[in-house]
Each structure stands twice: as C-alpha cells, then as structure tokens.
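Okay, thanks for coming, everyone.

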Amino acid sequence: MTPTIFDTHRYHYPQNFMEIKPKLARLEKAIKKLEANLIDADDAANVALLKKRLNSDLGLKVDYASELNPDQLLAATTIDGKVLVIAGAGSGKTKTLTYRTSYLLENGVPPKQILLLTFTRKAANEIKSRAKTLLTNTLSDEQLSEDVLPTSKALNDITSGTFHSFCNRLLRQYSGLLGINPRFTILDTGDAEDAIDLIYKEKKYPAQTKKQAFPRKKTLQNIFSTSRNRRIPIRNLIEDNYPDIAIHIPIIEQLAVDFHEYKRANHLYDFDDIISQVVRHLKSNDKFRQLLQENYRYIMVDEYQDTNIPQKQLIDLICAPASVSLMVVGDDNQSIYAFRGANYENILLFGETYPEANLIKLEQNYRSTPAVLNYINALSAQITLGYQKQLYSNASITGNKPTFSRLSDETKEAKYIADKIIEHKTDYDYNDFSVLCRTSFQSNYVQLEFMERHIPFIVVGGIKFVERRHVKDVLAFIKILYNPNDTIAWHRILTLFQGVGAVTATRLTQAINADNNSFEPLLLPKFSKKSPQLESLHTTLTKAQQAESVETIIELILGFYIPILKTIEENWRERSEDFRVLKNLATEHSSLDDFLENLALDPPNDSVATTSQPDENANDKVTISTIHSAKGLEWPVVFVNSLVDGITPHHRSLDDFEELEEERKLFYVACSRAKSRLYLTAPDYFASYSGYFDKPSRFIAELSADEVEVKSSKKLLETLASDDPVWW
C-alpha cells in the first residue's frame, strides 16, 4: 500500500453512505454503459474513420487534422447522433467547440439549425468569434475568396447564449403561440426576495409561533428556487436542510403558491420561471415542441456538468428525435454548483438518457506542468464516482511538485503567501498569482498582509453590480416604464420618498394598476399630499415615456434620482460613478427590453475591491478569489489556503457523502487552475463558533507522499521527530 502523508483513519466518514448506495449503483451502471461506447482516437478503426471523413470533405478550407489533437479532432468532426465529450481541465474544450462550429458550417449545415448553449454570453461569443477568425484569418489571400465570406458571416445566424437568454428569447418570440404577455419583467434574485417579502407582509397568514422566528426573505427565495431546480418538495427540503424552521412549513408552502400567482398576475418572471415555463410549454404544446425540433438540428452544450434538472429537460425535449445531433461537453470532476441547483447526476446519467450515445475524452492537458498534473490526477483518483480519465502533458519540463505548508496560525500563513509572491516576483508579474479560498472570509488575513506589504491585489466577488442599492433603484424606474405592472419596482421607487410608507405604496400601486397602468394616480390629492416628490415623479416618467432613446431615458431618471440619493447616502458621489456604466450600456441598446434583458441575464462583471498603488499599472494585481469564482480561469502560480479539515472540506459537508464529494471536486478545481506552481497552505488550527479544527484537510492527507513536497511548521517537525506516525 502506498504510504500517504498523514494517517487518514482518524477522519470521520459520511454517515449516509449506505443510504445512497442504490443511487450510486445506478450512476455506476450508466457510466459503464457509456464507457463501453468510448470512441478512442488510438483505435485503428477510428483513425481510419477520421481519414475517410476528412478525405471525403475535399472542400474544407480549415486543416482540422493539423490544428487539433486526435481526440479533439474526433469531437470536432463527430456531428451525428448524441455524444458526451469529457473534457479534462486545460484540455482545450473551447478550441474543440470552436472547430466543431467551423466544421458544421463547412459541411453545409445551415447556421440557423445550430444552437450553442453556454453558461455565460461571453463564452458563446468567444466560440463564435474564434470560429470566424478561423474561417478567415487562417486562410491565404488566394483561399480567402468570396465563397469563404458567407461561411464566416453565417456565424451571426447561429443561435447562441445562456440557457436563460435562449429561453427568454423563445418566450417573447412565441408569446402568441404560448398565450403569454411578451412584455414581462425579469426579476433578479434580489427582486424575487423583495416580492416574497411584500407578499408575506400583505397576505393575512395564520398567526406566527413565537417559538421560532419566520425565515428571512433570502432564505425563502433560496428554498423556493432549490425546490424547483432540484425537484424536491418544499416540505422535504426544509425537513432535511432547514429543520429549525420546520414549524413554519404550511405557511411557507402557501407563500410559494402565492408568490407564483403574484408573478403571473403582474407579468413577472424570475430566473427559474424563464426556463421552467419553456419546459412546461414544450411538454404541453405539440406545435411549439415540433417547431423547435425542426429549427434546431445541431445542438452543443458547454459545461454540461453544471446543468440543473429543468435545463436537462429542455435539452432532452428538443433533442428527442434521433435525427437531432447533440454534443454536450463537460467534466464531472468539476461539478461544484449544487448550491445553485446544478445536478451532478445529469452528466453521469447521459448514457442512461441516450443509450446509443458515444463517449469521447479529451485528456491532453495544455495548462499545467507534469508535476502539477501528477497531483491533479492523484486527486481525481480519490473521487468516488465518475468517468475514468488520466490527464497528460507533452511538456518537456517536469516542473516543481506542489508544496504543502503548515504554519502556526492564519497570520503566519498569510505572511508565507506574501513571502512567496515577493520571492517569485522576479519571474512573474503580480497578475500571474492567485490566492484561492473555500469561502471569502478566509482571505481576510491575506488582504491585511498584502496591504501591509504594498502588494497590489484585486478581490473577486462581493455585491454584484446590478445588486447595488443605487443601481437597483435606477433600474426600477426603467422597469415600470417597460412593464407598469411591475409592482416590485413601484414599491422600490415609492418608498424612496419621505412620507410614503409600505401601506401607501401598496394603495398607490393598486390605484395605478386599476387605472390601466396610467401614471395619473400619482397626482391624486390623497397620494400627492403624502410627498411633493410624487408630482415630480409623474413629470419625469411622462417625459421618459416620450424619449426616443434608452440613453435619454436614463439621463432623465438620473436627473430625478441623484438629488434623492444625496439625501440617503453619504457616499453618493462614489456611488454615482456606477451610473457611467449604465450610460455606456444604454448606448449599446436601441430598446428598453434589450437593455433590461442584457442587464438581467448578462450583467457587467465585477471585481469588488482593489487596493494599494492605484496610480500604477491598474491591471497588474494579485487575484484573491473564492474557488467557485475561479472556475474556468488559470494562473502560473496558485495558492490554496486554509486547508484544515472542517474548513476544506467544510464541516457541514462531513456527514453527507454527496456534499463531501462536491467539496473534493472543489479542491480539484482549485488545484487544476495552476500552470507552473501550486502552493497549499494550512494553519495549525482554526477556531470559530463552529468548533476547533486542527487536522490537515483529508484531501491533502489521503494522497501519496510522492505527489507533494511537505514544508512543515515547528509543531509538525517536532511530531515527526517523535515515534508518533501521525503528522498532525
């Protein structure tokens, strides 16, 4: 038996393992079924098939065989049937999707029959942009004739984007067929929370118990969303995950029903509605389903491991005919978004859903050195269930082994990280370094140390742009101009005014809706006497209704809103800087619906805090990020901190097998971000209200001692010198 770094027998094992064994058996069966349909580029028959395929395509302008490795080539040119591509970390997933898009067009597939679904609009645009470049810039002047240009221009006709943007487009485009109002407003998570809170306050629910406080709106919204995305009854979800509020289950269940009815009555859709409504109509409306199945014949799905149940249903309903081509790409080792409703079973059950499907694996890694890859592969081997994979690199330089260091406390841990950055600064820029944390608070000591040492850094995460109070206020004005039924937006605006409380806001909103969504009730004496600003609001909204551009509308709204902002926020000047972003975005959109849709479904990226030396190179900063936010990114040098059992993995996951497996995958994602150097750190202990934790993470402990170099604290060295074989 290979010796491990630490004695792992003292780690607690999940209590529910036996309970889920039947599920694991089903998943294992599906995996084996699909593994039997593996298309391997090393197989002579497949090599012959590839040659035949490319030789028959004599008119191809792109040299796919020389641009792609054999497995990428298989994935890019297999355009019939159903295919799962397991793309290991750093294996060129985006490149493969790019070349497949190009290959489809070069083989005469009408672009309008291609559907590309991704989890960010940026990812979809990148694939299309690269494909356009591929079809033009890689060709010689002689090849770049007029017959090439239509192929590259055709990329504009490909339907691409996120699941939400695609479904939003369908609901508006086919609103007549589906019997819905196309002028609905999209509620972001904060809006949905506000709507739930408003309904709770307005409805006369049974008297509350004093034994347990009623859950907050954020908790309620999360319960409703998780219940829908994971298809778990609210009662079961609360009993299993929120037992403290189980006494309120009947009221919460009724609130969920009232919330749904409220949204439909006011033409409001939250993020979950956008997809689930399309799925509902696909199931019940034969004409709608047949239209989509005829329109989209070639479908590609990126990051398939991150899909939830409604997203899988959407794909399965459109791809039901055997003639529809489907290729999904993902990595089961990177299933880390269960908290958002993602279902890791989707990718593992692909062979059960599509019995005739094929499997292709991309295992050549272009990111990490062999030494880092050896560690990543060792982590992969510890994941209980998944597709077999062994990443490899053709790099000639092995590189440095990952280093694990235990420091006496969090302050020393942060100092160690800063020391290493300074040590390597001669070979790297600051933006070549990242510090990845399980949760955001674990970076506090690192930030303090960086500030003291004048190391510039950027913190990824925090409050999103569209969730900032002043931005949401301005967007509320725009929402009611587009959908006067948006009672949540009305409440947000009206309660800004001194003298207008929740009760008056409710009555005024009801009066506006009763008056065919006219703004005239704002001028009624019984309301206008509450606040003189209501008359000014009426004037502003009336002018904005007549404005000819989104930019002009925003200028009018800001002229009204900024004086209000001055009275409620001391740092109003700083907050006003965000309005420049809104103005710039407004120039890119010709209509309110496009503007609101893009902000809701693809908001501006944020990095919350930058500190020290802002006058120097603004882009040369160390990245501090949660692991979740770092997925899909890479850096030459990566630090993963706080690797104490109970922190990583989190103590709340230790009794649940599936949650612990996701924590393991989260650590895998963190380590696989590193190109050249990987530093793993842990304090000797971590103490909080949750407990006292002093063992190194089991994810470190369970691996072979050959995979990592250990740099120990004084305490650890003293232990090693003793006869005790346990290294903590």
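Some housekeeping. This is a predicted model, where local features need pLDDT of at least 70 and side-chain atom pairs count only at pLDDT 80 or more, while totals for chains, interfaces and linings use all residues. Residues are numbered from 1 along each chain as its sequence is written, and side-chain values use heavy atoms, with hydrogens and water left out.

So, the overall picture. The protein has 34 helices and 18 strands; helices (H or I, at least four residues) and strands (E, at least two) are DSSP runs, numbered from the N terminus. Of its 728 residues, 56% count as buried. Buried here means under 20% relative accessible area, exposed is over 50%, and partly exposed is in between, with a 1.4 Å probe and protein chains only. Now contacts, meaning heavy atoms within 4.5 Å: among those between residues at least 6 apart in sequence, 80% join residues at least 24 apart.

On to helix packing. At what angle do H11 and H13 pack? Helix H11, residues 217-230, and helix H13, residues 249-265, sit at about 80 degrees to each other, and their axes are 11 Å apart. The axes are lines fitted to C-alpha atoms, for helices over the stretch in contact, and angles run from 0 to 180 degrees between N-to-C directions. H11 and H13 are therefore roughly perpendicular. For the cut-offs, under 35 degrees is roughly parallel, over 145 roughly antiparallel, 65 to 115 roughly perpendicular, and the rest oblique.

Who touches whom? From H11 we have Leu220, Phe224 and Arg228, and they meet Ile252, Leu255, Ala256, Phe259 and Lys263 in H13. By class, that contact has six nonpolar, no polar and two charged residues. The nonpolar class is Ala, Val, Leu, Ile, Met, Phe, Trp, Tyr, Cys and Pro; Asp, Glu, Lys and Arg are charged; the others, Gly among them, are polar.

Next, the aromatics. How many aromatic pairs does a search of the whole structure find? It finds 23. Rings of Phe, Tyr and Trp (its six-membered ring) pair if their centres lie within 6.5 Å, with planes under 30 degrees apart counted as stacked, over 60 as edge-to-face and the rest as tilted.

Take tyrosine 64 and tyrosine 99: their ring centres are 6.0 Å apart and their planes are at 80 degrees, so this pair is edge-to-face. Tyrosine 64 is in helix H3 (residues 64-67) and tyrosine 99 in helix H5 (residues 93-106), so the pair ties together parts that are 35 residues apart in sequence. Tyrosine 64 is buried at 1% relative accessible area, and tyrosine 99 is buried at 7%.

Another edge-to-face pair is phenylalanine 166 with tyrosine 296, with centres 5.6 Å apart and planes at 75 degrees. Phenylalanine 166 lies in helix H8 (residues 163-173), and tyrosine 296 in the loop between helix H15 (286-295) and strand E6 (298-301), so here the parts tied together are 130 residues apart in sequence. Phenylalanine 166 is buried at 1% relative accessibility, and tyrosine 296 is buried at 9%. There's also a cluster linked by ring pairs: Phe477, Phe497, Phe560, Tyr561 and Phe579.

Charges over rings, quickly. The charged end of arginine 264 sits over the ring of tyrosine 269, 4.4 Å from its centre, and lysine 425 lies over the face of tyrosine 430, 4.5 Å from the ring centre. To count, NZ of Lys or CZ of Arg has to be within 6 Å of the ring centre and within 35 degrees of the ring normal.

Now some single residues. Cysteine 319 is in the loop between helix H16 (309-318) and strand E7 (325-330). Is cysteine 319 buried or exposed? Buried, at 0% relative accessibility. Not counting residues up to four places away in sequence, cysteine 319 touches Lys82, Ile299, Val324, Leu326 and Tyr354. Lysine 287, in helix H15, counts as exposed at 54%.

Most residues other than glycine have a negative phi, and most peptide bonds are trans. The bond from threonine 648 to proline 649 is cis, with omega near 5 degrees. Proline 649 sits in the loop between strand E14 (635-640) and helix H32 (657-671). Serine 642 is found in the loop between E14 and H32, with a positive phi near 55 degrees, and is buried at 3% relative accessibility. Histidine 454 has a positive phi too, about 60 degrees.

Okay, that's me done.
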